[in-house]
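Please find below a note on the model under review. The points are set out in numbered form.

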Amino acid sequence: MTATELNKKKGASVSYRIISWLRSAGPILFLIFWSIIALFPIYIILVNAFKNRNAIFKYPFNIPNAETFSLIGFETVNKRANFARYFTNSIVVTVVSLAITLLIATMASFALSRYKFKGATLLSLIFSIGIMIPIRLATVGILRLMVNWSLTNTLLSLIIVYIAQSLPMAIFILSSFMKQIPQELIDAARVDGASEYRIYWMILPLIRPALGAIGIFSMIPIWNDLWWPLILAPSAETATVTLGAQQFLGQYMTDWNAVLASLTMSIIPILIFYLIFSKQMIKSITSGAIKS
Amino acid sequence: MNATRKVRKPFPWHLVVFIAPALIIYVIVMVIPLLDSLTLSFFTEDPNNARNTIFVGIQNYKYLFTDKYYAPIFWGAFKNNIVFFLIHMLVQNPIGLLLASVLCKGGKIRNFFRTVLFIPTILSFVLVGFVWKLILSPVWGVSKTILNIFGLGGLFRPWLGLEETALITCSLISVWQYIGTPMILFYTALIAIPDELTEAAYVDGANAWQIFWRVKFPLILPTVGLVAMMTFVGNFNAFDLIYTMQGALAGPNLSTDIMGTLFYRTFFGQQQQMPNQTLGATIAAMQFIIILIGVVIYMIWQKRTTTYEY
């Protein structure tokens with residue numbers, strides 16, 4: 001016990017009790033306070049999406065009951081917008097670009113971290129610039145490139161850009177994991193006559209946790225991105241969920257039921273995904289950062 | 001780690017196979033377009049042939065900085081972007097640090113909070129923008145009702161529609177969303193500090209406040225720098241939230257205009273404004289220069305700062 005605390009104890013006044021109570025309960029109260037701030041906006045959207053128009057304005061804070069329950073918003077969304085299409089586009093773009101990113105990033109980081117050769121440091125440096133300089137700054141050039149390749153308004157253009165966007169960070173993190181693999185393992189495989197490609201393939205399962213973490217972390221910015229769909233593939237056929245929702249919301253701003261329903265439809269999938277993987281996600285940041 | 005080959009092989013083809021795919025995509029889709037875009041800022045469109053460009057030196061930059069009509073817009077966006085960044089630095093990062101320091105005290109219940117507090121960060125700007133637009137809407141009146149609970153209903157204004165408050169409101173919404181990132185990064189840094197260090201300070205008679213500022217804070221300084229750099233880069237590259245909430249015109253009266261929205265408007269054109277690719281490239285080049293300055297300052301600072309290994 002410190003001297004100041006002892007002095008305070010002597011006083012043992014009411015104010016001391018309040019202070020000591022605040023000291024123990026304060027942190028929790030602060031966490032509760034901020035959790036309310038974090039969750040309230042999401043709560044109010046989700047509950048109102050399932051109400052009729054009257055109830056949205058009259059009782060915005062209540063959860064829907066038998067009387068106020070309505071799915072009219074979702075019906076409008078289904079009629080007016082092709083959310084199934086948007087979801088398919090988003091899933092295709094996200095899954096394909098992540099799969100390719102993981103494949104080529106593991107290959108590159110394997111070579112960069114497990115072999116010594118001229119230029120390895122330079123190559124690592126070139127890739128790491130991409131972590132700090134956002135790819136958006138190259139928008140003018142990328143758009144010109146996609147126009148030249150006649151790839152505007154295709155999902156392929158998005159996939160290509162998202163691979164380039166996710167690569168630098170993926171290579172950076174994977175390299176630190178690759179470095180931890182014991183050299184004896186690789187030497188043993190080499191003695192057994194395994195080719196370099198085989199050794200790479202053998203190592204992949206060992207870095208599976210890192211693959212999961214990078215997958216999740218590269219996925220969120222791709223799924224949520226508005227910029228590239230807006231610039232490279234704004235057509236109705238290639239719109240992703242984020243762009244589709246943005247266009248729908250802008251158009252139907254006055255139809256409250258539809259707006260709330262479309263917001264709910266866009267929030268729910270990512271929320272479920274997060275709740276399933278949150279433990280793994282946060283664990284991977286905390287453990288990954290300690291290692292590197 | 002050490003994989004030097006004793007026997008020299010003719011040519012390490014496997015290295016090419018491993019590195020080429022990543023390097024080719026990265027160079028073709030990121031490096032070359034970035035250089036292309038920087039180069040384009042020194043050209044202007046040929047008025048006789050839209051497909052041609054003419055070299056004009058630093059004419060575009062001169063125009064951006066000094067044109068009677070355009071310069072105020074550019075400097076306005078630049079100034080707004082600085083305000084946008086400062087609000088993040090002064091609100092988002094300190095609260096993120098506070099949340100992290102409360103969270104790292106351990107316990108099951110705090111894991112629950114950690115999951116909850118990160119939720120806004122996983123949502124897209126588009127959703128967040130519309131959600132807050134609805135909540136702040138005077139038509140719905142939700143925020144007025146909440147202020148009324150505290151007897152503050154008289155303070156309600158259509159914050160997004162007023163020139164004086166729109167930028168601050170947008171910045172605070174961005175803070176609301178992004179706070180999870182500094183929180184998690186600070187949290188990671190704080191839990192890595194060995195207990196012995198704080199216990200030793202405690203035995204020496206330091207109180208919690210002193211322990212935080214004299215022991216913990218110097219130890220997490222590298223993370224503080226990293227968060228500041230990430231905030232800087234993210235803010236000078238921001239676009240989605242303003243575009244979603246205030247449109248490409250970044251209203252009211254350009255009061256929420258930042259570099260990203262200015263670039264978009266200039267490059268693609270908006271209402272009466274004709275699209276101007278080369279001037280757009282010039283604005284992107286300015287964003288690049290600003291961000292590069294930030295990154296370089298960070299890297300110099302990082303070299304001089306001691307990183308502690310536990």
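1. The model is predicted: local features need pLDDT of at least 70, side-chain atom pairs count only at pLDDT 80 or more, and totals for chains, interfaces and linings use all residues. Residues are numbered from 1 along each chain as its sequence is written, while chains are lettered from A and ligands numbered from 1 in the order in which they are written.

2. Chain B contains 14 helices and two strands (DSSP runs numbered from the N terminus: H or I of at least four residues for helices, E of at least two for strands). Its C-alpha trace spans about 80 × 80 × 30 Å along the principal axes.

3. In chain B, 66% of the contacts with a separation of 6 or more join residues 24 or more positions apart (a contact requires C-beta atoms, placed from the backbone, within 7 Å).

4. Chain A is divided into domain 1 (3–70) and domain 2 (81–291), with bounds from an automatic or database domain assignment. The C-alpha centres of these two domains of chain A lie 36 Å apart. Seven residues from domain 1 of chain A and seven residues from domain 2 of chain A form the contact.

5. On the side of domain 1 of chain A that touches domain 2 of chain A, helix 2 (14–49) and helix 3 (53–58) each supply at least two residues. Helix 2 of chain A gives the largest share, five residues.

Technical notes. Two residues are in contact if their C-beta atoms, placed from the backbone, lie within 7 Å.
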